[in-house]
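I opened this model to look up a few things: a sheet, a loop residue, a strand and a pocket. My entries follow in the order I made them.

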Amino acid sequence: AAVGIVFGGGVNAQYFPTLTVEASAATTTENGFTIDENGTLTGYTGSEVKVVIPDTIGGIEVKSIGEFAFYEKAIESITLPDTVTTIERCAFDSCKNLKEAYLPDSVETIGRKAFEGCTALETLSLGNQTSSKLKTIGSSAFSSCKSLTEVIFPDSLRSIGGSCFSYCSELTYIDLNEGLETIGEFAFTGTKWIENKQKESPFVIVNNILIDGSACTGEITIPSGVTTIAAFAFSTKKKTPTISPYGDEIYTYNYVHSNVTKVTCNSELKNIGDDAFWGSSNLTNVTFNEGLETIGQQSFLGCSNLDSVSLPTGIKNVGHIAFNGTKFYNNIAADNGLKISDGVLLDGSGASGSVVIPNTVKVIADNAFYFNTESTSYNELTAITIPGTVEKIPEWAVVGCKNLNIVKKEEFNIENVND
């Protein structure tokens with residue numbers, strides 16, 4: 001059964017929606033394995049260290065490995081049945097004795113931190129390279145598996161999450177499949193693989209995605225063929241171990257930003273990911289290509305010396321505070337609370353009352369009217385008139401504007417209007 005809980009009321013109700021809590025499913029235990037009625041293996045209390053999970057437990061088919069099911073268990077080997085499709089978050093987190101993990105072709109999703117901190121893990125099989133159904137590996141899923149030396153990805157894989165294999169310090173060989181579409185930030189930071197790639201070139205590129213440019217310095221041109229610059233591509237994250245007062249090893253993380261001074265985009269570039277050049281304080285000039293479609297949120301946040309920017313006419317999406325903290329942004333004069341450059345409404349958080357967006361605007365940036373610490377006028381914004389030149393109202397564009405009415409000035413195609 002589901003239980004609905006409503007927090008607060010009035011203004012707070014829009015930020016604290018009804019919370020639905022699912023009651024625990026009935027469980028069955030057999031041979032040390034506990035499974036719920038939905039087929040999720042939720043725990044293990046057995047004494048075997050070389051664990052082979054059966055395809056059924058108590059007559060219930062094993063469909064997924066639940067959150068924290070084997071957390072910190074002293075197992076050395078794990079083999080999953082071919083009935084499992086999902087490994088949930090933290091399922092094998094901190095199994096420090098785990099040396100071997102064999103996953104069947106049936107697994108489609110590996111959740112975040114699923115095997116994080118399995119420091120003894122040497123052998124990892126993600127199924128058969130051609131018949132596996134694996135599509136997604138979540139963030140930090142294998143982070144800090146420092147004994148792992150190689151990974152072969154199946155052809156089916158489409159997404160690798162942020163920090164997925166970060167600080168796998170001995171990871172030298174990676175076979176990346178051609179169908180891979182998304183590689184998250186810092187996915188291979190702290191591996192020998194990324195270090196060796198950087199020795200070959202400061203641009204680390206996989207399937208036309210520039211995943212790491214943190215070793216770049218001075219004036220650069222994005223290499224031909226690159227269509228996407230990944231999130232945080234021009235930063236790296238340093239991990240420093242320290243000892244806590246209780247004698248435990250803990251870690252601190254410091255971000256190190258690139259020393260690029262000028263960036264010229266190639267003609268094929270379509271997407272610049274979130275935080276791609278974040279904090280590159282020496283960057284002064286960016287030349288965008290006309291085919292560029294997306295500039296992610298905080299892409300150039302904190303590039304304090306960036307003052308030469310001309311946004312391409314074909315741009316379709318600009319993320320939240322993409323240029324905040326730059327000379328370029330600071331030098332844009334606000335007209336009736338609107339900061340507009342090259343047909344892009346970057347910021348309307350200073351607007352109040354009834355606002356008319358000029359018909360020179362083609363794109364409204366994400367969160368453009370989102371209230372922030374620099375503005376107290378968001379409750380006063382009562383109406384926005386949007387010209388027909390704007391085809392899309394981005395998600396969360398007007399969040400927090402409780403009394404707002406959106407007025408359509410001309411007929412146009414709205415793809416998404418935030419409630």
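Entry 1: I am working on a predicted model. I began with I160 and looked for its bridge partner in β19, which is I183. I160 falls within β17, residues 159-160. I then checked the sense of the pairing: β17 and β19 run parallel, over two bridges. Strands in a sheet pair through backbone hydrogen bonds, in either a parallel or an antiparallel sense.

Next I traced the whole sheet. I read nine strands in the order β3-β4-β5-β9-β11-β13-β15-β17-β19. The sheet is open, and its pairing is mixed. Which strands sit at the edges? I found β3 (27-30) and β19 (182-183), each of which pairs on one side only.

**Entry 2: T191.** I moved on to T191, in the loop between β19 and α1 (192-200). Is T191 buried or exposed? I get a relative accessible area of 0% for T191, so it counts as buried, the cut-off being under 20%.

I then looked at what the side chain of T191 touches. I found that it reaches the backbone oxygen of F188 at 2.7 Å. I also listed contacts of T191, leaving aside neighbours within four places in sequence. The list reads F165, C168 and L171.

**Entry 3: strand β36.** I turned to β36, residues 381-386. How many of its six residues are buried? I count five, so the strand is largely enclosed by the rest of the structure.

For G353, I noted L381 as the bridge partner in β36.

**Entry 4: the largest pocket.** The largest pocket has a volume of about 560 Å³. I find 20 residues in its lining. Nearest the centre of the pocket lie G117, S144, K239, Y251 and Y253. The elements that give two or more residues to this lining are β24 (235-243) and β25 (249-257). I checked which element gives the largest share: β25, with three residues.

What is the make-up of the lining by residue class? I get three nonpolar, ten polar and seven charged residues.

Terms used. Residues numbered from 1 in each chain as written. Predicted model: local features only at pLDDT ≥ 70, side-chain atom pairs only at ≥ 80, totals over all residues. Heavy atoms only, no water. 1 Å grid on protein atoms, 1.4 Å probe; cavity = no way out; pocket = protein on both sides within 12 Å on 5 of 7 lines; lining within 4 Å. Points joined across faces, edges and corners; volume = space filled by probe spheres on them. Helix = DSSP H or I, 4+ residues; strand = E, 2+ residues; numbered from the N terminus. Nonpolar A, V, L, I, M, F, W, Y, C, P; charged D, E, K, R; others polar. Pairing = 2+ DSSP bridges. Buried < 20%, exposed > 50% of the residue type's maximum accessible area, 1.4 Å probe, protein only. Polar contact = N/O pair within 3.5 Å; in protein donor to acceptor, adjacent residues only side chain to side chain. Contact = heavy atoms within 4.5 Å.
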